[in-house]
Amino acid sequence: MAVDIRKPLKKQLPRLIEAKQENLSEAATVLRIIKVFEEVLGFDPYTEISQEVAIKNKFVDIVIKIDGVTKMLVEVKAADVTLRDRHIEQAESYASRSNFRWVLLTNGVAWNLYHLTFEEGIEREMVFSVDLTDKDKFDSGAACLALLHRQALRKGEHEDFWIRHTALAPASIGKALFQDHVIRLIRREIKREAGMLIDPEDLASALHGMFSPEA
């Protein structure tokens, strides 16, 4: 069970929003992000949070370590910058050189976590995207960020979340749903309920139509 970080996060939130309102520089934003990792996510600022770390002659804004092992690279943008996927391309390059699979992109109020794979080039997938200025989604956002808490990372809760996220993704469900034996099972169930044996291609087309364009 992830740690409940809502109380300390609410305490830090005004300073993060203030940073955006005041258009703080990237360097100043980094300092506030470090404070979140220390005060909210439970990391030791002296041994587990490093700034401007050189990886193969390149520099990463923040590196998070536990027991000397790198757990996550953090790419920080200035507080007023709208985050884009392309912003993590530099961190991706660093990550691929050392097989680091977790990269966080943040400007203080927006937090995007990515999982990387390197089987065929560099492939990334967003695990979650949190906007701390969305009051209606604060609790769910805090639950996502809690996966980055020191205790959660140490227990591998972020890895478990990723496995579940992947298993429930449209691609995974679609792959299971369109197996021949599953189609046959659905056809039999429809015949039992409706008294009609549906053509497999018509059934597959109907199932396909249930998915959203994004799926």
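**Notebook: helices, cores and salt bridges**

I began with Thr29, which sits in helix H2. I take helices (H or I, at least four residues) and strands (E, at least two) as DSSP runs, numbered from the N terminus. The model is predicted: local features need pLDDT of at least 70, side-chain atom pairs count only at pLDDT 80 or more, and totals for chains, interfaces and linings use all residues. Residues are numbered from 1 along each chain as its sequence is written, and side-chain values use heavy atoms, with hydrogens and water left out.

**Thr29**

I looked up the accessibility of Thr29 and found a relative accessible area of 2%, so Thr29 is buried. Buried means under 20% relative accessible area, exposed over 50%, and partly exposed in between (1.4 Å probe, protein chains only). I then listed its contacts (heavy atoms within 4.5 Å). Neighbours within four places in sequence aside, Thr29 touches Leu24, Val76, Lys77, Ala78, Ala79 and Asn107.

**Nonpolar cores**

Next I turned to the nonpolar cores. I count as a core a set of buried Ala, Val, Leu, Ile, Met, Phe, Trp, Tyr and Cys residues joined through side-chain atoms within 4.5 Å. In soluble globular proteins, nonpolar side chains tend to be buried together.

Which residues touch the most other members of the largest core? They are Phe37, Ile62, Ile64, Met72, Trp111 and Phe128, out of 37 residues. Two or more residues each come from helix H1 (6–21), helix H2 (26–39), strand E2 (58–66), strand E3 (69–76), E4, E5, E6 and helix H4 (138–145). H2 gives the largest share, five residues.

Leaving out neighbours within four places in sequence, I found Phe37 in contact with Gly42, Phe43, Ile49, Ile64, Met72, Val74, Leu104 and Trp111. There is also a second, separate core of 14 residues, with Val60, Leu73, Tyr94 and Leu116 among them.

**Salt bridges**

I found ten salt bridges in the structure. The criterion is a side-chain nitrogen of Lys or Arg within 4 Å of a carboxyl oxygen of Asp or Glu.

Arg32 and Glu18 pair at 3.0 Å, N to O. Arg32 is in helix H2 and Glu18 in helix H1, so this bridge ties together parts 14 residues apart in sequence. Arg32 counts as buried at 14% relative accessibility. Glu18 is partly exposed at 32%.

Glu39 and Lys35 also meet in a salt bridge, at 3.7 Å, N to O. They are four residues apart in helix H2, which means a separation of about one helical turn. Glu39 is partly exposed, at 40% relative accessible area. Lys35 is partly exposed too, at 32%.

**Helix H6**

Last, I went through helix H6 (residues 157–167), where the buried residues are Glu157, His158 and Trp162. They cover an arc of only 140° around the axis, so they lie on the same side of H6. The arc is that of the directions from the helix axis to the C-beta atoms. Ile163 and Arg164, on the other side of H6, are exposed.

What do the buried residues of H6 pack against? I found strand E4 (102–106), strand E5 (110–117), strand E6 (123–131) and helix H5 (150–155).
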